[in-house]
Amino acid sequence: MRPLLGQVPERVVVKEGGVRYLVDLKGGQKTGAFLDQRENRILMENFRGERALDVFSYAGGFALHLALGFKEVMAVDSSKEALARAEENARMNGLSLRTVEANAFDYLRALEKAGERFDLVVLDPPAFAKGRKDLERAYRAYKEVNLRAIKLLKEGGILATASCSHHLTEPLFYQMLTEAAQDAHRALRVLEKRGQPFDHPVLLNHPETHYLKFALLEVL
């Protein structure tokens with residue numbers, strides 16, 4: 001891939017809500033910015049608390065916004081390079097992040113076993129269902145991470161959870177969350193149902209364009 005005209009810098013600084021972050025235009029995934037989640041990331045600035053957890057954090061997009069209002073923020077990802085960018089972004093904003101390189105499934109189980117608790121957990125996993133044949137396996141994966149996150153939340157804690165797979169439809173997404181809550185023996189109250197921004201349009205005659213689901217839930 002090459003530019004059609006002119007020179008493209010390796011990295012640029014993006015301002016998003018109350019934070020700035022570096023974007024790797026050439027080496028980053030989806031330009032390194034994942035712009036379809038920008039409004040949901042900015043929403044995190046409305047919350048305050050002691051501890052927050054950002055799982056599948058990539059370069060710390062959600063974690064940076066959370067660090068404006070939480071005393072301790074952990075960013076978990078399997079990519080060492082992504083976490084290094086998260087740390088660089090935190091320094092640029094004068095914020096503190098604790099980064100953890102780990103498999104999300106294993107680390108969530110370890111946190112639960114250790115009795116850790118959080119005020120807010122963000123789950124922004126990759127598209128587990130890249131094709132229709134993957135849906136059953138993906139459903140189980142989404143349910144597993146959400147079940148573990150629910151168990152980590154204090155009473156009244158907030159779960160901000162997403163799916164970017166269009167094969168996991170919105171009804172299936174909320175069915176999965178219902179089952180995860182039941183298995184965790186907790187109740188979930190829907191605070192807000194969100195999705196992709198206006199510049200990622202949903203076309204009614206092309207249902208696959210409605211790919212991003214984002215739920216803001218209170219754990220009771």
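In the hairpin of β1 and β2, G17 takes a positive phi near 60°. This hairpin has 2 residues between the strands. Strands and helices here are DSSP runs, numbered from the N terminus: a strand is a run of E of at least two residues, a helix a run of H or I of at least four. Strand β1 (residues 11–16) pairs with strand β2 (residues 19–24) in the antiparallel sense, over 6 bridges. Two strands count as paired if DSSP finds at least two bridges between them.

The model is predicted: local features need pLDDT of at least 70, side-chain atom pairs count only at pLDDT 80 or more, and totals for chains, interfaces and linings use all residues. Residues are numbered from 1 along each chain as its sequence is written, and side-chain values use heavy atoms, with hydrogens and water left out.

An open sheet of 7 strands has the order β5-β4-β3-β6-β7-β9-β8. Its pairing is mixed. The edge strands are β5 (98–101) and β8 (188–194), and each pairs on one side only. From one strand to the next, the twist averages 15°. Helix α4 (residues 104–113) packs on the sheet and touches β3 (49–55), β4 (70–77), β5 and β6 (118–123). Contact means heavy atoms within 4.5 Å. The direction of α4 makes about 150° with that of β3. Such angles run from 0 to 180 degrees between N-to-C directions, with axes fitted as lines to C-alpha atoms, for helices over the stretch in contact. Helix α6 (residues 170–184) lies across β7, β8 and β9 and runs at about 25° to β9.

Parallel pairing joins β3 to β6 over 4 bridges. There, L53 stands opposite V121 in β6. β6 and β7 also pair in the parallel sense, over 5 bridges. L123 stands opposite T161 in β7. Strand β7 (residues 153–163) then pairs with strand β9 (residues 213–219) in the antiparallel sense, over 6 bridges. The bridge partner of A160 in β9 is L216. β6 is mostly covered, with 6 of its 6 residues buried. Buried means under 20% relative accessible area, exposed over 50%, and partly exposed in between (1.4 Å probe, protein chains only).

In soluble globular proteins, nonpolar side chains tend to be buried together. The largest nonpolar core here has 39 residues. A nonpolar core is a set of buried Ala, Val, Leu, Ile, Met, Phe, Trp, Tyr and Cys residues joined through side-chain atoms within 4.5 Å. Within the largest core, L53, V55, V121 and L159 touch the most other members. At least two residues of this core come from each of β3, β4, α4, β6, α5 (135–152), β7, α6 and β9. Helix α5 supplies the largest share, 10 residues. Apart from this core lies another, of 27 residues, among them V23, A67, F70 and F214. Leaving aside residues up to four places away in sequence, V121 touches L53, V55, A149, L153, I158, L159 and A160.

Helix α5 itself is mostly covered: 14 of its 18 residues are buried. From first C-alpha to last, α5 reaches 26 Å, close to the 26 Å expected at 1.5 Å a residue. The expected span is 1.5 Å times one less than the number of residues.

N40 is found in helix α1 (residues 38–43). N40 is buried, with a relative accessible area of 1%. A polar contact of 2.6 Å joins its side chain to that of R194. A polar contact is a pair of N or O atoms within 3.5 Å; within protein, one must be able to donate a hydrogen and the other to accept it, and residues adjacent in sequence count only if both atoms are side-chain atoms. Beyond four places in sequence, N40 touches F62, R194, G195, L212 and F214.

F56 is found in the loop between β3 and α2 (61–66). At 16% relative accessibility, F56 counts as buried. Its contacts, not counting residues up to four places away in sequence, are V76, D77, A104, D124, P125, P126, F128 and V145. F56 and F173 lie 117 residues apart in sequence and 18 Å apart in space, C-alpha to C-alpha.

A184 has its place in helix α6. A184 is buried, with a relative accessible area of 9%. Not counting residues up to four places away in sequence, A184 touches L147, I150 and K151.
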